[in-house]
Amino acid sequence: MKDLSAENISFTDFKLIGFYSLGEWRPFLFIPFFLLFLLAITANSILIYLIKTHKSLHSPMYVLIGVMSVLDLILPVIVVPKMLLSFLFNLSEISLTGCLIQMFGIHFVGASQSTLLLWMAIDRYFAICKPLFYHKHMEISNFLKFVFLPLIRNGLLVVIVVSLAGRLSFCRNTIDHCLCEHMALVQLACGDISVNNIVGLMSTFLILIADFILITVSYVVIFSSVFRSGKAHLKAINTCITHIIVMTLSLTSALIAYLSYRIRNNVSSDNRVFMSIIYILFPSCFNPIIYGWRTKEIRQKFYKFIKNGKVLPFLNK
């Protein structure tokens with residue numbers, strides 16, 4: 001009988017075993033992560049509802065905040081239900097196709113969040129530095145030119161990363177994670193993964209780092225213009241600070257999750273998994289709260305929303 005070598009074996013079904021070291025305590029993780037998931041869904045749904053139903057919030061800045069909430073709503077939906085089922089019922093199996101689909105969703109939505117922060121910086125640049133040209137450049141027909149190229153870039157790079165991962169042969173089928181991140185799957189491959197590492201690094205540089213550099217330049221120009229003009233622009237500055245807080249939260253959590261794989265010898269498996277989940281859940285939970293609290297118009301609409309008893313308007317129908 002002919003022996004099967006490792007090269008002839010490639011698993012197509014996997015088990016997500018994140019936090020398995022907790023043993024019998026693992027099911028209790030359902031409670032905190034379910035509460036974070038509920039917070040993310042509720043907070044983003046309310047913010048989307050407020051922006052959609054109030055014409056005074058239909059300006060480009062608030063529309064971009066609404067799009068951010070849509071992305072913050074999609075990302076937990078892609079990841080968390082499967083994770084909660086794994087915690088509560090030990091339903092940890094996932095096919096290679098399902099894993100690649102989840103990986104694409106995680107990385108494409110994550111890249112889109114980064115790019116959206118860049119669009120917000122562009123919006124603030126025209127509003128503060130070029131106010132006479134704001135409506136010209138920010139109307140839909142003109143603004144689309146700032147949208148298509150970054151989206152094509154994001155989609156192309158993520159498709160390449162996911163496709164290369166899908167072509168690998170896998171000698172192991174236990175993913176030490178609660179979700180299908182790129183490196184979590186790739187490190188199970190039988191052969192050389194240097195190409196996957198290089199392409200992953202390139203995509204990170206061309207998306208996250210490139211967007212961060214452009215965002216930083218935009219805000220440096222904005223603050224320089226404000227300080228040179230000697231005008232207060234308190235409202236504009238306050239909006240910029242809100243965007244910067246959200247950007248810092250999002251990019252810091254992404255960077256920590258990314259670096260945890262590069263320094264994994266010094267980071268325990270559970271801590272690495274936890275940091276990756278935080279990258280997905282924390283911005284989705286707290287971005288709408290930050291915008292709702294720090295943006296006066298949204299805050300006023302929310303107070304009216306609560307006062308009128310419309311916290312869950314669909315229940316009143």
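Visitor: In which helix does Y49 lie?

Guide: Y49 lies in helix 1. Helices here are DSSP runs of H or I of at least four residues, strands are runs of E of at least two, and both are numbered from the N terminus. Before going on, note that this is a predicted model, in which local features need pLDDT of at least 70, side-chain atom pairs count only at pLDDT 80 or more, and totals for chains, interfaces and linings use all residues. Residues are numbered from 1 along each chain as its sequence is written, and side-chain values use heavy atoms, with hydrogens and water left out.

Visitor: Is Y49 buried, partly exposed or exposed?

Guide: The terms rest on relative accessible area: buried is under 20%, exposed is over 50%, and partly exposed is in between, with a 1.4 Å probe and protein chains only. Y49 has 27%, so Y49 is partly exposed. Y49 also shows that sequence distance and spatial distance are separate things: Y49 and F305 are 256 residues apart in sequence and 10.0 Å apart in space, C-alpha to C-alpha.

Visitor: What does the whole chain contain?

Guide: The chain has 11 helices and three strands. Read from the N terminus, the order of elements is β-α-α-β-α-α-α-α-β-α-α-α-α-α. Of its 317 residues, 45% count as buried. A contact means heavy atoms within 4.5 Å. Among contacts between residues at least 6 apart in sequence, 77% join residues at least 24 apart.

Visitor: At what angle do helix 1 and helix 2 pack?

Guide: Axes are lines fitted to C-alpha atoms, for helices over the stretch in contact, and angles run from 0 to 180 degrees between N-to-C directions. Helix 1 (residues 30-53) and helix 2 (residues 60-89) pack at about 155°, with their axes 9 Å apart. Angles under 35 degrees count as roughly parallel, over 145 as roughly antiparallel, 65 to 115 as roughly perpendicular, and the rest as oblique. Helix 1 and helix 2 are therefore roughly antiparallel. The residues of their contact divide into 21 nonpolar, four polar and one charged. For these classes, Ala, Val, Leu, Ile, Met, Phe, Trp, Tyr, Cys and Pro count as nonpolar, Asp, Glu, Lys and Arg as charged, and the others, Gly among them, as polar.

Visitor: Which residues of helix 1 and helix 10 meet?

Guide: On the helix 1 side they include F33, L36, F37 and L47, and on the helix 10 side they include F274, I277, L281 and Y291. By class, this contact has 15 nonpolar, two polar and no charged residues. The axes of helix 1 and helix 10 (residues 269-294) come within 8 Å and cross at roughly 35°.

Visitor: What is the strand order of the sheet?

Guide: Strands of a sheet pair through backbone hydrogen bonds, either parallel or antiparallel. Two strands count as paired if DSSP finds at least two bridges between them. Here an open sheet of three strands has the order 2-1-3, with mixed pairing.

Visitor: How many bridges join strand 1 to strand 2?

Guide: Strand 1 (residues 13-16) pairs with strand 2 over three bridges in the antiparallel sense. F14 is opposite I94, and D13 is opposite S95. Strand 1 and strand 3 run parallel and are joined by two bridges, with K15 partnered by T174.

Visitor: Which residues of strand 1 are on its covered face?

Guide: In a regular strand the side chains alternate between the two faces of the sheet. In strand 1, F14 and L16 form the covered face, while D13 and K15 form the uncovered one.

Visitor: What is the phi of F19 near?

Guide: Most residues other than glycine have a negative phi. F19 has a positive value, near 65°. F19 lies in the loop between strand 1 and helix 1 and is buried, at 5% relative accessible area. N90 also has a positive phi, near 60°. N90 is in the loop between helix 2 and strand 2 and, at 39% relative accessibility, counts as partly exposed.

Visitor: Which residues does S92 touch?

Guide: Leaving out residues up to four places away in sequence, S92 touches F14, K15, L16, Y20, R26, K82 and S86. S92 is found in the loop between helix 2 and strand 2, and is buried, with a relative accessible area of 0%.
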